[in-house]
Amino acid sequence: MATVMHVGLNHYLVLSALLFSIGVLGVLLRKNAIVILMSIELMLNAVNLDFVAFSKYSGNIDGQAMVFFVMTIAAAEAAVGLAIAVAVFKRFKEVNISYFEKLKG
Amino acid sequence: MNENFLITVLLLSPLLGFLINGFLVRYNNKSHLRAGAIATAAAGISFFSAVSLYFKLLGLGAEERTLHTVFFNWLNIGTLNINMGFTVDPISTVMILIITGVGSLIHLYSVGYMSHDAHPAKFFSYLNLFLFNMLILVLGDNLVLMFVGWEGVGLCSYLLIGFWFDDPEKAAAGMKAFIVNRIGDAGFLLGLFTIFVTFKSVEFSELSKMAFAPEVGVWGPITLATFCLFVGAAGKSAQIPLYVWLPDAMAGPTPVSALIHAATMVTAGIYMIVRLNFMFIAAPTTMHIVAAVGAATALFAASIGLLQTDIKKILAYSTVSQLGYMFLGVGVGAFGAGFFHLMTHAFFKALMFLGAGSVIHGMGGEQEVTKMGGLAKKMPITYKTFLFGWLAIIGTPLFSGFFSKDEILWKAYSSPLGSKFLWMIGVVAAGMTAFYMTRLMCLAFWGTSRVDKSVKVHESPLTMTLPLMILAGLSLMGGWVGVPHIFGPIPNLLEGWLEPVVHDVTSEGSFLEEWMTMTASVALAGFSAFSAYYLYVLNPNLPKEWAQKLKGLYTLVYNKYFVDEIYGWAIVRPLVQLSRGLWAYLDVRIVDRTTYLVSDIVKGTGAGLRLMINGNVQQYALYIVFGVLISLAFIFAR
Amino acid sequence: MSGWAKLWIGTDMGNGLLEIIVNTIKIALIFFAVVSTVPLLVWVERRGSAFMQNRLGPNRVGPLGLLQLAADAVKFIFKEPFVPDAADKVLYFMAPAMCLLPAMLTFAAIPLSTPFTVMGHTFKMQVADINVGIIYIFAVASLGVYGILAAGWSSANKYSLLGALRASSQMISYEVAMGLSIIGILMKYKTFDLTKMIWAQTGPFNFIWQGHIIQPLSWLPNWGIFFQPLAFILFFTAGFAETNRLPFDLPEGEAELVAGYHTEYGGFKFNMFFMGEYGHMMTSSALITILFFGGYALPWSGGGPVQVQEFWMSHSSWLSQVIPLATGEAASVLAMLTHLICFSIKMGFFLFVYIWVRWTLPRFRYDQLMDLGWKTMLPWSLANLGATTALLFFARYNPL
Amino acid sequence: MTIDDILFHAFAFVAVISALLVIFNKNPVYSALFLALCMSVLGAMFFTLNAYFVAVAQITVYAGAVMVLFVMVVMLFDLKRESEEILKFSPVTTAKVLAAALLCGFLVGTSWLGVTAVKDHLAGQVAPGTLSADLEKPIDGKIPKSIISLSAEDSDESTIKATPEEARELLNKMGGNPNPDEDLTAAEDAKLVEKATATESKGEPIEEFGSTVTLSRALFSKFVFAFEAVSALLLVAIVGAVALARSKGGTHHVG
């Protein structure tokens with residue numbers, strides 16, 4: 001019990017794995033495009049946690065720098081993703097992912 | 001200035017000229033003065049660097065006269081290591097002086113000659129590109145780099161022969177030159193491969209350090225390599241059986257004929273053999289072949305030249321014949337003599353081509369000698385300079401051609417690799433040369449005028465006559481650097497210059513024999529020249545009567561022995577038919593079917609897989625997850 | 001010892017129980033301090049606005065109308081809780097708390113005074129000493145948007161939603177200008193730590209030029225505003241927009257949106273929004289004080305207990321008799337009290353300026369507001385940042 | 001059980017629950033708010049991992065900006081509760097859930113066992129506390145070899161080699177330890193080593209690990225190209241988002 005409760009690197013990794021898997025499940029299951037985007041953000045956050053934990057436990061600052069880049073890219077992704085969602089919403093009055101199938105050539 | 005800089009300028013100046021004229025000047029720009037000024041300046045700068053390099057070399061000791069520079073490492077694959085390196089040594093110095101010097105004069109000449117052309121910038125850019133490639137060819141310190149230049153000049157030759165590609169005949173002449181040259185280049189490449197496989201090196205400096213034991217027999221690697229290289233040389237330098245392209249190449253503008261097809265490119269084969277003299281010397285079989293082919297070409301081409309009526313064709317066959325001389329020279333081991341003739345020939349043949357160009361220019365495009373005559377008065381400068389060329393080529397004593405030709409003939413007579421038979425052929429060819437050249441003079445410049453009334457004959461402008469005058473001077477004096485020993489204690493400068501790098505076969509022969517052979521050839525040449533004068537000036541009707549009497553022989557020679565027709569019938573036609581057959585059966589029935597089968601399989605697979613790609617993004621995400629799972633499973637299963 | 005206490009003390013948990021208790025007390029104190037300052041501010045606002053408008057304001061209940069505050073509080077608490085029928089109940093109830101919480105959390109990082117020592121224990125006048133204090137405050141303040149959005153959306157009222165969207169886009173827009181405006185001064189202080197910033201502003205005006213300390217105008221205090229006046233103006237203006245106060249109170253513009261995002265709120269829930277707004281105002285004033293006006297430090301003076309003693313001895317004749325007696329712990333307590341007073345005065349001034357401006361300036365139009373934020377303040381912030389960077393570079397302020 | 005442990009478990013619990021609520025809540029507004037909560041909690045967790053600046057940036061950027069954007073969009077669209085069941089039974093849904101579960105199993109398994117295995121593998125040479133203090137944990141289950149070798153190669157030699165004695169010496173040199181003669185316990189030793197190796201490997205003994213200074217040094221020297229590239233990406237994203245979302249004729253277009 002003591003070893004399980006005593007926090008080490010693996011705890012962070014397991015938490016990250018759980019969050020990541022939840023994100024994957026969200027991407028697979030939800031029909032709402034915006035919620036799918038949120039799930040992707042969740043996955044990115046899980047990875048961020050990994051980076052920071054490794055950074056701490058290896059004493060190397062590079063992990064934190066990576067988090068920075070992940071965050072920036074996530075922000076850009078959210079901006080563009082939401083813009084697309086807005087465009088789709090304007091057209092179909094709903095943001096169901098199945099409407100994206102209609103976007104062909 | 002250090003040599004790296006000079007070599008860089010030497011090489012890059014024409015390249016820069018090419019780039020400026022080729023890309024910065026508009027295609028339809030008709031300003032021949034501007035394009036010509038740029039190109040001539042580029043060639044002039046290059047010539048200046050060449051002269052500087054020559055003096056730099058002169059300042060060094062006889063054995064150290066090699067400047068080497070490496071720009072960068074070009075290829076490094078396995079044991080093959082090729083640098084972009086350039087060597088300036090006595091041989092290449094002479095070559096770059098000829099190339100840039102004669103080249104500059106011809107550029108200058110072209111400014112006048114191309115003044116009425118629609119695309120002068122294109123023409124001058126090609127000329128500059130040719131100079132650049134030719135310099136790479138002669139300066140490259142290894143066979144591969146030489147091959148780069150070799151192909152580059154071939155390309156420029158093609159482009160310039162077909163410069164007026166609106167005329168299908170001229171375009172076809174360009175293609176012919178290109179294709180025949182490819183056959184030779186294949187030989188060159190095979191030789192290159194053989195050398196690399198056998199000696200693990202393609203660098204001249206390394207190859208020359210290897211001691212080659214003379215090789216007897218036919219199948220030794222050196223013999224094989226040198227033979228293959230000679231095939232390449234025969235293609236580039238228009239020897240039997242690959243000479244057919246050169247006469248057709250006269251379709252190009254006359255300055256091109258002078259620069260590429262007389263003075264420089266066609267001598268690349270000779271240059272290559274002289275460059276690799278240490279290797280050819282070790283392959284006597286090849287040397288015999290070289291000498292035999294050279295002699296045969298000299299005689300054969302000269303005989304065709306006897307009856308030609310197109311002024312440029314006469315000069316073209318003359319070039320082929322003179323090239324044959326050079327091969328005869330190098331073939332009997334007289335590399336220095338062959339190289340000497342290369343140099344003098346560059347002067348007087350360039351002069352004669354340019355003179356012919358001047359005549360054509362003055363006649364408004366007329367090339368048939370039968371429609372000329374009596375031009376001496378109308379075009380005095382052209383006539384006088386042409387006269388120098390004529391005197392040089394027929395071997396008038398003290399003119400440049402005399403020294404070089406007689407040295408070759410003497411070496412053919414006396415060298416251990418030569419024979420009296422080869423000498424005989426050479427002398428006969430020399431006689432024929434004197435005959436047809438005199439005939440040309442008679443028909444074009446002497447005698448009565450047969451010029452059409454409508455043509456206003458005029459002398460050419462100064463930009464054209466100035467190069468003629470300079471070259472005339474060179475035709476007279478160019479030979480004085482290689483005066484043979486029998487004329488007393490005058491030093492043979494060229495021999496001394498080339499000695500460190502070129503190893504001639506020592507010939508045996510007495511003083512008396514040398515005098516006798518020389519007298520014989522000069523006498524024969526003189527007799528032929530006089531008979532030509534007799535036939536075409538004094539009794540202009542006699543040749544026609546003789547042609548009637550010997551109708552069969554006349555037809556045969558007039559039609560160039562039907563060589564082109566034989567090639568067409570024996571090689572080209574079967575090839576075309578074979579290709580047709582392969583297309584109809586192999587390609588359509590087997591290759592196409594196979595490719596269709598493959599494409600059908602791919603299309604079928606795609607049609608099947610397309611069912612997976614239905615636009616449902618979440619399904620795609622599921623595939624990604626599956627992929628990740630499979631990769632993870634692999635990691636764990638290991 | 002009870003089980004819980006054993007758990008806390010038996011582990012290597014900092015200094016154990018004492019720290020927990022002290023922190024809890026601090027949290028409670030700060031919370032109540034903020035909450036109880038709000039009525040005071042309301043009173044100041046009402047009385048002040050009245051005087052500005054040449055009227056009297058609340059003056060009947062208690063002396064100077066001070067007990068009016070208590071009456072108001074009682075009214076807020078005992079009002080009937082009213083919930084719109086179409087509202088999203090959970091969020092409707094959570095929104096006021098979501099608004100108040102960030103205000104409190106930000107104030108937790110503000111250092112109010114120097115630490116003091118009593119009986120061998122040193123206490124910081126700050127709930128959380130965070131070494132990235134300033135950006136922590138920015139981060140937490142940016143969470144305040146959720147409360148407003150939740151309130152606006154859950155009310156199921158068009159005015160509310162529009163007000164909420166206005167408020168949140170306004171806050172996000174001005175956050176950018178606000179954050180950028182202070183980067184210049186942060187570069188000057190070379191820290192994110194608020195306490196270190198205060199210490200960097202002690203003493204007379206001086207700066208480093210090419211490795212030399214230069215004191216050209218030693219009659220000025222070494223405050224940030226003299227180095228970055230433009231940053232102060234920008235930050236101060238953005239502060240109005242962040243707190244949604246006039247002239248930037250578009251989200252609750254009563255002429256257009258009834259009352260914005262809290263249209264449907266009443267009673268104590270409304271009171272919590274109100275407290276959140278005043279909390280933001282206090283944090284904002286505190287930040288201005290710390291960034292530009294030397295924080296709790298006495299002007300011209302150093303920040304240590306000795307300097308405080310010197311200050312009192314030179315400024316007060318009767319205290320100069322008593323002060324020398326204060327040594328050790330007593331001196332630190334004295335310094336703490338002095339600094340707390342100093343801080344309160346400075347912060348109070350800016351709180352008053354907030355109120356003053358509210359009753360002086362008219363409201364902006366919404367597009368004017370956005371133009372001001374994006375097209376005026378953002379470029380000026382960037383220009384200020386660039387100029388400061390260049391200046392610090394050429395001054396070789398931060399040799400590497 | 002230290003306070004850090006308690007904090008971790010509390011945070012982890014909140015994070016996982018809110019993450020689950022993000023995907024299983026039918027109301028997108030709640031999803032977004034729960035995601036914001038999850039991110040804030042992760043940001044708080046970064047504080048405990050000495051990543052102060054990153055923590056604050058996480059809260060500012062994710063919770064303060066990105067998620068606000070989400071919430072605003074969702075509210076502006078006025079998306080209602082979804083009527084469709086999220087976990088409707090169908091073969092595809094089953095496959096999706098199974099795949100996600102399998103992925104979760106793999107990842108959790110590797111995270112837990114893999115790192116423990118690495119630690120045990122290195123236990124002979126590793127000073128306590130460099131990777132984790134949790135060295136006594138027994139291995140159960142199969143150890144994937146690739147992970148051991150991969151991690152063993154990756155682990156930086158310099159972070160492993162410092163012994164407690166060296167670490168103490170180093171810290172004394174840089175004035176980190178106020179009482180050099182004090183007898184330290186093993187746990188304190190481990191902490192010292194961690195601190196010393198972390199700072200030593202960066203070659204900057206003055207700054208604390210995870211401080212803004214060290215992070216910005218890395219960002220503006222080692223990663224400066226990535227930094228610039230990312231800024232360019234942001235610009236492109238802004239332009240793209242504006243171009244995508246604006247209606248014809250701009251925002252003030254009538255009709």
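**Group meeting: four chains, starting with chain A**

Among contacts in chain A between residues at least 6 apart in sequence, 46% join residues at least 24 apart.

Staying with chain A, what secondary structure does it have? There are four helices and zero strands, and along the sequence the pattern reads α-α-α-α. The chain has 105 residues, and 68% of them count as buried.

How confident is the predictor here? For chain A the mean pLDDT is 84, with 92% of residues at 70 or more. Confidence is highest in helix α3 of chain A, residues 33–58, at a mean of 89, and lowest in helix α1 of chain A, residues 2–5, at 61. Where pLDDT is low, the predicted coordinates should not be read in detail.

Now chain B. Its secondary structure comes to 26 helices and two strands. Of its 638 residues, 51% count as buried. Here is the figure to set beside my opening one: among contacts in chain B with a separation of 6 or more, residues 24 or more positions apart account for 81%.

Let me take one helix of chain B, α3, residues 90–113. Does its length agree or disagree with what its residue count predicts? With 24 residues at 1.5 Å each, the helix should span 34 Å, and its end C-alpha atoms are 33 Å apart, so the two agree. This helix is also mostly covered, since 23 of the 24 residues in α3(B) are buried.

Next, the nonpolar cores. The largest has 199 residues, and those with the most contacts inside it are B:Leu135, B:Leu328, B:Ala350, B:Leu351 and B:Ala444. Which residues does B:Leu135 touch? Leaving out residues up to four places away in sequence, B:Leu135 touches B:Leu10, B:Leu11, B:Ile96 and B:Ile99. There is also a second, separate core of 197 residues, which includes A:Leu19, C:Met125, C:Phe232 and C:Leu246.

C:Met125 takes us to a hairpin in chain C. Strand β1, residues 113–118, and strand β2, residues 121–125, pair in the antiparallel sense over four bridges. C:Ser113 stands opposite C:Met125 in β2(C). Two residues lie between the strands of this hairpin, and C:Met119 takes a positive phi near 55°.

Last, chain D and what it touches. The contact between chains D and A takes 78 residues from chain D and 65 residues from chain A. Several elements of chain D give two or more residues to this side, among them α1 (3–24), α4 (91–122) and α10 (224–245). The largest share, 12 residues, comes from α3(D). By class, the side of chain D that touches chain A has 56 nonpolar, 12 polar and 10 charged residues.

The contact between chains D and C takes 20 residues from chain D and 21 residues from chain C. On the chain D side, the elements that give two or more residues are α2 and α3. Which of them gives the most? That is α3(D), with 13 residues. By class, this side of chain D has 16 nonpolar, four polar and no charged residues.

To finish, one helix to look for in the structure is α3(D), which gives the largest share to the side of chain D that touches chain A and gives the most to the side that touches chain C.

Note on methods
Residues are numbered from 1 along each chain as its sequence is written. Chains are lettered from A and ligands numbered from 1 in the order in which they are written. This is a predicted model: local features need pLDDT of at least 70, side-chain atom pairs count only at pLDDT 80 or more; totals for chains, interfaces and linings use all residues. Two residues are in contact if their C-beta atoms, placed from the backbone, lie within 7 Å. Ala, Val, Leu, Ile, Met, Phe, Trp, Tyr, Cys and Pro count as nonpolar, Asp, Glu, Lys and Arg as charged, and the others, Gly among them, as polar. Two strands pair if DSSP finds at least two bridges between them. The expected span of a helix is 1.5 Å times one less than its number of residues. A residue is buried if 20 or more other C-beta atoms lie within 10 Å of its own, exposed if 12 or fewer, and partly exposed in between; C-beta atoms are placed from the backbone. A nonpolar core is a set of buried Ala, Val, Leu, Ile, Met, Phe, Trp, Tyr and Cys residues joined through C-beta atoms within 7 Å. pLDDT is the predictor's confidence in each residue, from 0 to 100.
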